[in-house]
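Please look through the sequence and the model below before reading on. The report that follows takes up a few side chains and their surroundings.

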Amino acid sequence: MGNSSETVSFVLAAYGNVGALKYMYFSIILFWYVSICVANTVLIVVINVDRRLHEPMYILLSNLCLNEINASTALYPFLLSQMFSDSHEVTLPWCFLQMCCMYTSASAEFCSLAAMAYDRYISICHPLRYNVIMNTERVCILILLVWMYSFLSFIFSFSFIFRLKFCGNIVNNVYCDHKLIIRLSCSVLVHSFISDIFFVLLSIYLPFTLISVSYMKILAVCRKTSTENKQKAVTTCTPQIVSVSNLFVGCIFHSIDFSLLAAQVPGEVRVILSIYLLICQPMLTPFMYGFNLPKIRQSCTMLLFKRKSLSLFGKRVL
């Protein structure tokens with residue numbers, strides 16, 4: 001019915017007929033999206049304003065928070081717009097744009113965590129060389145490479161979707177899921193399966209291998225150090241272990257074929273599980289990494305009370 005030269009519209013059937021509940025759903029989604037943006041933006045602002053936080057670890061954290069906002073913006077405004085739509089239609093270019101933002105962000109998430117794991121490895125295992133290896137300039141280049149790598153891995157994996165011809169237009173989800181869109185093509189392509197494997201290897205398996213190697217080396221070094229150093233290493237590394245574990249739970253939910261479990265799993269649960277990563281991870285990051293760190297809490301407190309004191313001083317002068 002369509003090819004790369006035609007506009008193909010898909011109907012997102014998972015919305016169904018929510019009726020008056022759409023106002024409640026809209027309010028919940030809007031509240032959660034605003035909360036994600038505020039929490040991550042606060043961390044980014046604090047890290048940029050406080051010069052004491054201009055260190056590799058916090059710069060990488062700021063990039064991770066920016067990625068959470070990017071990933072959430074790829075989904076939540078789209079959900080909000082679809083809440084009051086009667087047709088729930090979306091064109092192929094818009095679908096491809098949403099997929100690009102979401103999958104690039106997913107890849108950037110894993111790659112950013114790999115960069116942070118490497119930063120912790122250098123900090124704990126080679127502390128004397130840390131300032132030489134992980135300086136600000138190299139970290140900025142590393143962040144740029146993370147985004148370029150993530151974008152190119154998506155393009156190489158899924159750009160073939162634009163060349164497909166489609167014999168259906170019903171997508172049983174609330175967003176453009178590439179697996180469901182590929183199933184609507186008129187022919188089954190072998191390289192669609194290969195592209196999934198290619199993306200998983202580049203965007204998940206390779207970064208996870210780097211994370212695992214970094215933490216195995218950190219563990220080996222910590223076994224030979226004092227109890228105090230062990231506690232510091234655990235405090236530093238626990239947020240990333242929790243974050244990576246949560247990412248893998250989300251990846252499992254995303255890879256499950258819920259169409260085979262339609263009778264056993266309610267529609268609302270299937271929708272929530274399919275977007276689990278973009279519900280939990282964007283809020284987990286600022287609290288596990290940011291507000292959990294003593295330096296970040298101190299900076300937030302100083303920034304807050306400094307602004308209050310300045311405003312009170314201004315009122316007294318007036």
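Which backbone oxygen does the side chain of Thr104 reach? The side chain of Thr104 reaches the backbone oxygen of Cys100, at 2.6 Å, and such a polar contact is a pair of N or O atoms within 3.5 Å, where, within protein, one atom must be able to donate a hydrogen and the other to accept it, and where residues adjacent in sequence count only if both atoms are side-chain atoms.

This is a predicted model, in which local features need pLDDT of at least 70 and side-chain atom pairs count only at pLDDT 80 or more, while totals for chains, interfaces and linings use all residues. Residues are numbered from 1 along each chain as its sequence is written, and side-chain values use heavy atoms, with hydrogens and water left out.

**Around Thr104**

Thr104 belongs to helix H3, which spans residues 92-125; helices (H or I, at least four residues) are DSSP runs, numbered from the N terminus. Thr104 counts as buried because its relative accessibility is 7%, where buried means under 20% relative accessible area, exposed over 50%, and partly exposed in between, with a 1.4 Å probe and protein chains only. When neighbours within four places in sequence are left aside, Thr104 is in contact (heavy atoms within 4.5 Å) with Met99, Trp147, Ser150, Phe151 and Phe154.

**Salt bridges**

Side chains of opposite charge can pair when their charged atoms come close. A salt bridge is a side-chain nitrogen of Lys or Arg within 4 Å of a carboxyl oxygen of Asp or Glu, and by this rule the count comes to three.

| Asp50 | Arg52 | 2.9 Å |

Asp119 and Arg120 are both buried. In the remaining pair, Asp177 is buried at 5% relative accessibility, while Lys179 is partly exposed, with a relative accessible area of 22%.

**A nonpolar patch**

On the surface, Phe193, Ile194, Ile197, Leu201 and Tyr205 form a nonpolar patch with about 540 Å² of accessible area together. Patches are made of residues with over 30% relative accessible area and no salt bridge, like charges being joined within 9 Å and nonpolar side chains (Val, Leu, Ile, Met, Phe, Trp, Tyr) within 5 Å, and accessible areas come from the Shrake-Rupley method with a 1.4 Å probe, only the protein chains shown counting as cover for residues. Leu201, one of the patch residues, is found in helix H7, residues 190-222, and is partly exposed, with a relative accessible area of 44%.

Note on methods
Helices (H or I, at least four residues) and strands (E, at least two) are DSSP runs, numbered from the N terminus.
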